[in-house]
Amino acid sequence: MSNMQTNFLKYLHDVGKVLIKGAKSYGEVTVVHHDDADGLVSAAILKFLLNKLNIDSHLICLEKTYPQIISKLESSHGLLIYADLAAPHARMISNLNRKRDLIIIIDHHDPEKVDDPKIINVNPEFFNISGEREASASTVTYLLVRSVLGSVPLLAKLAVIGATEIPGEPISLNKIVIDEALRLGVVKVAKKKRIDYYILEDNLLIPRSEYSKKLTILGSVGYYRKGPQLAIKACLEGFSKDLEVLYKEFEKERRSLYKKALSQIRSRNISYSKNILWFHVKNLFINVGSKVLGTFTSYLVYRMFMNSSRYVIGFMYLNPEIPGFGKLDGDYSKVSLRTTPRLANLIRHKLRPSSSELLYNHCKALGGFGDGHEYAASGILPRGKEETLIERIESDIHLFISKKLRHKKKSEGLDKYL
C-alpha cells in the first residue's frame with residue numbers, strides 16, 4: 001500500500017468519527033446521491049450505516065447539483081451528506097450553507113477546494129489518487145463506513161459494483177475493496193475472454209456488469225417512477241421477482257429510446273466541427289432521467305465513433321420536475337460529453353483539455369454548471385444556449401492546441417498520438 005493510500009485511509013477514519021458524532025448530535029441525516037449504480041450503491045452503504053446507528057435518514061436522488069435544490073436542502077436542519085456528486089461545487093454549497101450546518105461530501109469527481117470548517121470534502125483526488133481510475137464513490141463510501149463498522153460482507157459486495165466500473169485490472173483503492181470482497185467470499189473472480197467479477201446473491205453468481213446495469217437502469221430510466229428507491233432496496237435486500245420484471249420493462253423502454261435516438265441522428269445527420277461532433281435529441285428522453293443521455297452518448301462513441309479524435313457531445317431538453325421537490329424555475333438542457341479512446345490518449349498526454357474543465361468553465365459562463373472527469377463530463381445550461389456552448393468549447397480547444405504548438409515543435413509529442 002502506498003503512502004498516499006495509507007494517509008487517505010487514516011483520513012477516512014477521522015472523518016468516520018466526525019460523521020458518527022454529527023449524526024448523533026443532529027439526530028437525523030439527509031443523504032443526497034446520484035442515480036447511477038455508483039451513486040445508488042453509495043447511498044445504500046450509508047443507509048445501512050445509519051440504520052445500524054438507529055439514526056433517522058432521508059434519501060434524495062439528484063441527477064445534478066442544481067443550485068435551486070441545494071439552496072432548499074441547506075435551509076433545512078440535520079446532517080447533510082452528498083454521495084457521488086457535489087465535490088466540484090463545494091464553494092457554491094459552502095456559500096449557500098453560510099457555515100450553519102455540517103456537510104460531508106463523499107465523491108470521486110474532480111473536486112473544488114473550499115476553506116470552510118463546516119464542509120468536509122472527502123475525495124481521493126486531494127491525496128493524488130485518481131477518482132477516475134483508482135477510486136469510485138462507492139469504494140470511498142465503503143472504506144469510510146468500514147472505518148466505523150469494520151468489514152461488512154454485504155457492503156463489500158456492493159462496493160465492488162462501483163470499484164469495477166473502470167475497464168481493465170482494478171488498482172489502488174478499488175483493488176483494496178475487491179480483494180476484501182474476495183476474501184470475505186461474497187464475490188468470485190473468473191477469467192474467460194477477460195477478468196470479470198461475480199456478485200454472490202442467494203447462492204447465485206451474478207456478473208458484476210449485469211448487477212451494475214440493473215441498478216443504473218432502475219435509477220435512470222425509472223427516475224420519475226421511484227426507480228432509485230427500488231434500486232437501493234434491491235442493494236440491501238436483493239432483487240425480488242417483481243423488481244426483476246420492472247427492470248426488464250425499463251430495459252425494453254431504454255432500448256426503444258436508443259433506437260429512436262439512433263434513427264434521429266442518422267436521418268438528421270450529426271453536426272461536426274473541427275474538434276467536436278454533437279447531436280440533440282430534443283424531448284425524446286424527457287420522461288426518463290437525464291443520465292440516459294450520458295449512457296446513450298457512451299453507447300454512440302463505441303458504436304459509431306471509436307476511431308475519431310473529436311469530443312462527442314449530446315444534448316437533451318431537461319425535464320424540470322425533481323421528484324420530491326417540484327419543478328425547477330426556468331428551461332434547461334442537459335449536456336453529456338464523452339471521449340473516444342484516441343481522444344482520451346491525447347488528454348492523458350496533456351495534448352487536449354480535459355472534459356470536466358471544458359464543461360465546468362463554459363456551462364458556468366452561460367448560466368449553468370458542469371462537472372465530471374477527464375474523459376467524461378456532463379452539465380446543465382439554459383435551453384437555447386447549446387450552439388453557443390459548442391462554439392465556446394471549439395474555440396477553447398483551438399486555443400489550447402495553438403498554445404501547445406507554440407511551445408513545442410510539431411514533431412515533438414503530437415504525431416505519435418494522432
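Asp115 sits in the loop between β4 (103-106) and β5 (119-122) of this predicted model. With a relative accessible area of 76%, Asp115 is exposed, because exposed means over 50%. Along the chain, Asp115 and Ser94 are 21 residues apart, and their C-alpha atoms are separated by 8.8 Å.

## Two loop residues with positive phi

Let us stay with loops for a moment. Asp202 is found in the loop between β7 and β8 (204-207). Its phi is near 50°, a positive value in a residue other than glycine. Asp202 counts as exposed, at 65% relative accessibility.

Now for a residue in a strand. Tyr198 belongs to strand β7 (residues 195-201). At 16% relative accessibility, Tyr198 counts as buried, because the cut-off for buried is under 20%. The C-alpha atoms of Tyr198 and Glu210 are separated by 9.2 Å, and these two residues are twelve apart along the chain.

## Rings that pair

How many aromatic pairs does the structure hold? There are twelve aromatic pairs. One of them joins Tyr258 and Tyr299: the ring centres are 5.0 Å apart and the planes stand at 40°, so this pair is tilted. Tyr258 lies in helix α10 (residues 241-268) and Tyr299 in helix α11 (residues 291-304), so the pair ties together parts that are 41 residues apart in sequence. At 6% relative accessibility, Tyr258 counts as buried, whereas Tyr299 is partly exposed, with a relative accessible area of 29%.

Trp278 and Phe315 form an aromatic pair that is edge-to-face. Trp278 is part of strand β10 (residues 276-280) and Phe315 is part of strand β11 (residues 311-317), so this pair ties together parts that are 37 residues apart in sequence. Are Trp278 and Phe315 buried or exposed? Both are buried.

Here are the two pairs side by side.

| Pair | Distance between centres | Angle between planes | Kind |
|---|---|---|---|
| Tyr258 and Tyr299 | 5.0 Å | 40° | tilted |
| Trp278 and Phe315 | 5.8 Å | 85° | edge-to-face |

Tyr258 and Tyr299 also belong to a cluster.

## Charges over rings

Rings can have charged neighbours too, and Phe239 gives an example: Lys214 lies over its face, at 5.0 Å from the ring centre. Which residue has its charged end over the ring of Tyr317? That residue is Arg383, whose charged end is 4.0 Å from the centre of the ring.

## Cavities

Which residues line the second largest cavity? The lining is made up of Leu318, Asn319, Pro320, Leu328, Gly330, Asp331 and Tyr332. By kind, the lining of the second largest cavity divides into four nonpolar residues, two polar and one charged.

How values were computed
Residues numbered from 1 in each chain as written. Predicted model: local features only at pLDDT ≥ 70, side-chain atom pairs only at ≥ 80, totals over all residues. Heavy atoms only, no water. Phe/Tyr/Trp six-rings, centres within 6.5 Å; stacked < 30°, edge-to-face > 60°. Helix = DSSP H or I, 4+ residues; strand = E, 2+ residues; numbered from the N terminus. Buried < 20%, exposed > 50% of the residue type's maximum accessible area, 1.4 Å probe, protein only. Lys NZ or Arg CZ within 6 Å of the ring centre and 35° of its normal. 1 Å grid on protein atoms, 1.4 Å probe; cavity = no way out; pocket = protein on both sides within 12 Å on 5 of 7 lines; lining within 4 Å. Nonpolar A, V, L, I, M, F, W, Y, C, P; charged D, E, K, R; others polar.
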